[in-house]
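Biologist: Could you show me how to read a sheet and the helices around it? I would like to start with the order of the strands.

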Amino acid sequence: MKYLGIQQIQSQSIHWLQTGRNFIYPPRCSLCGNAKICSGSDCGEQIERIAPQIEQACDRCGAPAGPYLDTSQGCSYCKNERFLFSRAIALGKYQGSLREFILKLKQNHGAHLGGDLGNLLYYRNQQTFEKLATDLIIPVPLYWTARLHRAHNPASIIAEVLSHRLQAKYSGNILAKRKRTVAQASLTPSNRRKNLRNAFEIRRKKQVVGKTILLVDDVMTTGSTANAVTRVLLDAGAKEINVAVIARAPGV
């Protein structure tokens, strides 16, 4: 009888684990249908169908803006907002096919979409992301009761993809949401800010001191959530916060 060494056993175990994973989750891009793990750039024209390019995006909040406008100080959606983050980057508008994919992503059976959408977000904004010199990537956390009904946090999946692409550290346990809040969509802008007051806390402050952080979420509407988290991070000593989302939904 031939006895296998530990390394051989480990190698075979990994092989069969990967084979089983590929059977359950075939390595096929959920967006373009290519029979392989899509790098994002391989989706070609598909990205334009899913998320048409925002011709002119606000430098500050990522919302669509009119052509030839200087948005370094904000646009019509954010010029009166006291945003603490430096800028927001989005794949596209929260509408059409992109909205449908995000709604599916939020469902328990839609976790696989997070990786593909995260790749598209990176490839569309690759140069911008690389100029940010990000030290740390953090997802907007969910309150613990939300995890009882949802098997995953969409923001975490997207953040992990960006961490891999940018070769920047990812941490999903630095931030925590310490109180349950009502749905932001049902509130006025002023009540959204009140709703999120003291909603987030930092568990490991030393890990954010002096860091340029990329804060990740699936959708950004008024920016209240991103701003509330940014405040906590800056108070803990972070150097700069930028925001990345799959979709921007201004005026909702």
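Modeller: Happy to. Bear in mind that this is a predicted model. The open sheet has 5 strands, in the order β1-β7-β6-β2-β3, and their pairing is parallel.

Biologist: Which strands stand at the edges, and why is one side of each left without a neighbour in the sheet?

Modeller: The edge strands are β1 (87–93) and β3 (169–170). Each has a single partner strand, so one of its sides has no neighbour in the sheet.

Biologist: What packs on the sheet, touching β1?

Modeller: That is helix α3, residues 96–105, which also touches β6 (212–220) and β7 (240–248). The direction of α3 makes about 105° with that of β7.

Biologist: And how many bridges join β2 to β3?

Modeller: There are 2 bridges between β3 and strand β2 (residues 136–139), and the two strands run parallel.

Biologist: Which strands does helix α7 lie across?

Modeller: Helix α7, made of residues 154–166, lies across β2, β3, β6 and β7. Relative to β6, α7 runs at about 135°.

Biologist: Now the whole protein, please. What does its secondary structure come to?

Modeller: The count is 9 helices and 7 strands. The protein has 252 residues, of which 45% count as buried. It exposes about 14200 Å², with 49% of that supplied by carbon and sulfur atoms.

Biologist: What share of the contacts between residues at least 6 apart in sequence join residues at least 24 apart?

Modeller: For this protein, the share is 73%.

Definitions and conventions:
Residues are numbered from 1 along each chain as its sequence is written. This is a predicted model: local features need pLDDT of at least 70, side-chain atom pairs count only at pLDDT 80 or more; totals for chains, interfaces and linings use all residues. Side-chain values use heavy atoms; hydrogens and water are left out. Two strands pair if DSSP finds at least two bridges between them. Helices (H or I, at least four residues) and strands (E, at least two) are DSSP runs, numbered from the N terminus. Contact means heavy atoms within 4.5 Å. Axes are lines fitted to C-alpha atoms, for helices over the stretch in contact, and angles run from 0 to 180 degrees between N-to-C directions. Buried means under 20% relative accessible area, exposed over 50%, partly exposed in between (1.4 Å probe, protein chains only). Accessible areas come from the Shrake-Rupley method with a 1.4 Å probe; for residues, only the protein chains shown count as cover.
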